[in-house]
Amino acid sequence: MTNTQLTLIQIDNYGPWTVTPEPRREVDLQTLQSRLYADLSQLFGNRDGYVFFTRFDNMVAVTNGLDTDSHALIQESIGNRYPVTISLSVAVDPSPASALGVATDQLQDAGSAQDRGRTEILRGDALPEPERHEEDVQIAHFDVNNATEKYTDRLNEFDSFINIEQGYAELMQYMRKAHDSLSFFVGGDNIIAVCEDVDVAGYRDAIEHVREAVDVDLKVGVGTDRTAQAAGMAAKHALETCREENIDVVFG
Ligand SMILES: Nc1nc2c(ncn2[C@@H]2O[C@H](COP(=O)(O)OP(=O)(O)OP(=O)(O)O)[C@@H](O)[C@H]2O)c(=O)[nH]1
């Protein structure tokens, strides 16, 4: 059974900061947000976690294997590097959606995202080492079939973007509703989902749903392991098997 540890990352009091003392240049905000994502990806990634950028002012990390001290170190390092600070909220649950729900509640209980007094919150408990297992994290790496031939080499880039985003929008909602799983666009034609124990039939249904709803064809490689990094790598290898054997769903 999966037991996903998720960390909600939220920039503290970011809204007011973006307009104080007057609206800051958008290019500077974009630069800050993308650098912050890059640093967090590296800081969590060096400890075998995955970070997804979601809305940039909020991000979601899969952090199985990271304890409270590791989170505190990352928080301190960001505070030292940036003009903004981050709050972190950790929760564990077999269902990724529920874990993120608990993490969200813990942070909301500590105060508003736009409360000047609510900074560098670190709440929640990591999964204790003795309770960690090989099946804790299930990662599904979805990829659009022949995106290069069908979209990239043929359509106006904006229309390619619309097709990929529509596939993403359908998949993220379906996986959330049907499987309590969280799907994140990671660039190109790739979507990585953090899943509860979804079986082959579940993934086939998801792919079929997206095809019927928006005519985007997906395949998926699935990996399960103790950390996001290990599960994610198994998923990538499974995706290669999808390509080699022309199969929609492969478990690594
Ligand atoms: N984030 C991420 N992006 C990838 C990965 N592999 C490919 N991409 C992106 O996806 C784009 C399309 O690559 P592919 O999915 O290999 O190409 P395709 O034309 O869809 O071909 P098939 O997937 O073999 O059907 C690339 O230009 C990259 O931007 C990956 O593992 N992770």
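Helices and strands in these views are DSSP runs, at least four residues long for helices and at least two for strands, numbered from the N terminus. The model is predicted.

**View 1. Five strands in an open sheet.** The strand order is S7-S8-S6-S9-S10, with mixed pairing. Strand S7 (182–187) and strand S10 (249–251) are the edge strands, each pairing on one side only. From one strand to the next, the twist averages 20 degrees.

**View 2. Pairing of strand S6 with strand S9.** Strand S6 covers residues 137–144 and strand S9 covers residues 218–225. The two run antiparallel and are joined by eight bridges. Val 137 has Asp 225 in S9 as its bridge partner.

**View 3. Helix H6 packed on the sheet.** Helix H6 spans residues 157–179 and touches S6, S7, strand S8 (190–195) and S9. The direction of H6 makes about 155 degrees with that of S7.

**View 4. Residues surrounding the ligand.** The ligand is surrounded by 14 residues, of which Ala 147, Thr 148, Val 186, Gly 188 and Asn 190 are the closest. Sorted by class, three residues of the shell are nonpolar, six are polar and five are charged.

View 5. The most come from H5, which gives three residues.

Definitions and conventions
Residues are numbered from 1 along each chain as its sequence is written. This is a predicted model: local features need pLDDT of at least 70, side-chain atom pairs count only at pLDDT 80 or more; totals for chains, interfaces and linings use all residues. Two strands pair if DSSP finds at least two bridges between them. Axes are lines fitted to C-alpha atoms, for helices over the stretch in contact, and angles run from 0 to 180 degrees between N-to-C directions. Two residues are in contact if their C-beta atoms, placed from the backbone, lie within 7 Å. A residue is near a molecule or strand if its C-beta atom, placed from the backbone, lies within 6 Å of it. Ala, Val, Leu, Ile, Met, Phe, Trp, Tyr, Cys and Pro count as nonpolar, Asp, Glu, Lys and Arg as charged, and the others, Gly among them, as polar.
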